[in-house]
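This note is written for a colleague who is meeting the structure for the first time. Please read the numbered points with the sequence and the model side by side.

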Amino acid sequence: RKDKVFIAALEEASDWRLERFLVGPNEAFVQRAEALWRNSMERAAATHEWRSGLDPAKVNGWLRGVAVILLLRDDLDAKGQEELVRTFVVPALVAAAP
């Protein structure tokens, strides 16, 4: 959200080409997202906070899609984004309390 050039390009993109590029099988974005979330995913799995049976590659793809959705929601500030993540994303990934 802080990269003004990226946001401007996103706003100018038509018929979902840029969005599809970001969430599709683009190896550069896949690797960047994996690097971004790898430590958190590994730590959560090691501490059993991660819901069992989740495939990290599939979670990566899903989280990239969620990130694009949040980028496109110009009606949300940081607090609104955080609320959506805490309400919907976190419960989908966190293991049920014992």
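Which residues does tryptophan 37 touch, not counting residues up to four places away in sequence? The reply is given in point 3, after some words on the basis of the model.

1. Basis of the model. This is a predicted model, in which local features need pLDDT of at least 70 and side-chain atom pairs count only at pLDDT 80 or more, while totals for chains, interfaces and linings use all residues. Residues are numbered from 1 along each chain as its sequence is written, and side-chain values use heavy atoms, with hydrogens and water left out.

2. Overall composition. The protein contains five helices and zero strands; helices (H or I, at least four residues) and strands (E, at least two) are DSSP runs, numbered from the N terminus. Along the sequence the pattern reads α-α-α-α-α. Of the 98 residues, 27% count as buried, where buried means under 20% relative accessible area, exposed over 50% and partly exposed in between (1.4 Å probe, protein chains only). The accessible surface comes to about 7400 Å², and 59% of this surface belongs to carbon and sulfur atoms; areas come from the Shrake-Rupley method with a 1.4 Å probe, and for residues only the protein chains shown count as cover. Among contacts (heavy atoms within 4.5 Å) between residues at least 6 apart in sequence, 63% join residues at least 24 apart.

3. Tryptophan 37. This residue lies in helix 3. Not counting residues up to four places away in sequence, tryptophan 37 touches Asn60, Leu63 and Arg64. The C-alpha atoms of tryptophan 37 and valine 59 are separated by 9.7 Å, with the two residues 22 apart along the chain.

4. Helix 3. A kink of about 45° in helix 3 is centred on tryptophan 37; the bend at a residue is the angle between axes fitted to the seven residues ending there and the seven starting there. The expected span of a helix is 1.5 Å times one less than its number of residues.

5. Helix 4. With 17 residues, helix 4 reaches 24 Å from its first C-alpha to its last, close to the 24 Å expected at 1.5 Å a residue. At its start, a side-chain oxygen of aspartate 55 comes to within 2.9 Å of the backbone nitrogen of alanine 57. The buried residues of helix 4 include Val59, Asn60, Leu63 and Arg64.

6. Asparagine 60. Is asparagine 60 buried or exposed? Asparagine 60 counts as buried because its relative accessibility is 2%. Leaving aside neighbours within four places in sequence, asparagine 60 is in contact with Val30, Ala33, Glu34, Trp37 and Met41.

7. The nonpolar core. A nonpolar core is a set of buried Ala, Val, Leu, Ile, Met, Phe, Trp, Tyr and Cys residues joined through side-chain atoms within 4.5 Å. The largest one has eleven residues, among them Met41, Trp50, Leu63 and Leu93. Helix 3, helix 4 and helix 5 each supply at least two residues of this core, and helix 4 gives the most, with four. In soluble globular proteins, nonpolar side chains tend to be buried together. Leucine 63 touches Trp37, Met41, Val89 and Leu93, not counting residues up to four places away in sequence.

8. Glycine 24. The loop between helix 2 (17-23) and helix 3 holds glycine 24, which is buried because its relative accessible area is 15%. Glycine 24 touches Val30 and Arg64, not counting residues up to four places away in sequence. Glycine 24 and arginine 64 are 40 residues apart in sequence and 9.1 Å apart in space, C-alpha to C-alpha.

9. Two exposed loop residues. Histidine 48 is placed in the loop between helix 3 and helix 4 and counts as exposed because its relative accessibility is 66%. Although not a glycine, histidine 48 has a positive phi of about 65°. Aspartate 75 lies in the loop between helix 4 and helix 5 (78-93), and its 53% relative accessibility likewise counts as exposed. The side chains of aspartate 75 and arginine 73 are joined by a polar contact of 2.7 Å; such a contact is a pair of N or O atoms within 3.5 Å, and within protein one must be able to donate a hydrogen and the other to accept it, with residues adjacent in sequence counting only if both atoms are side-chain atoms.
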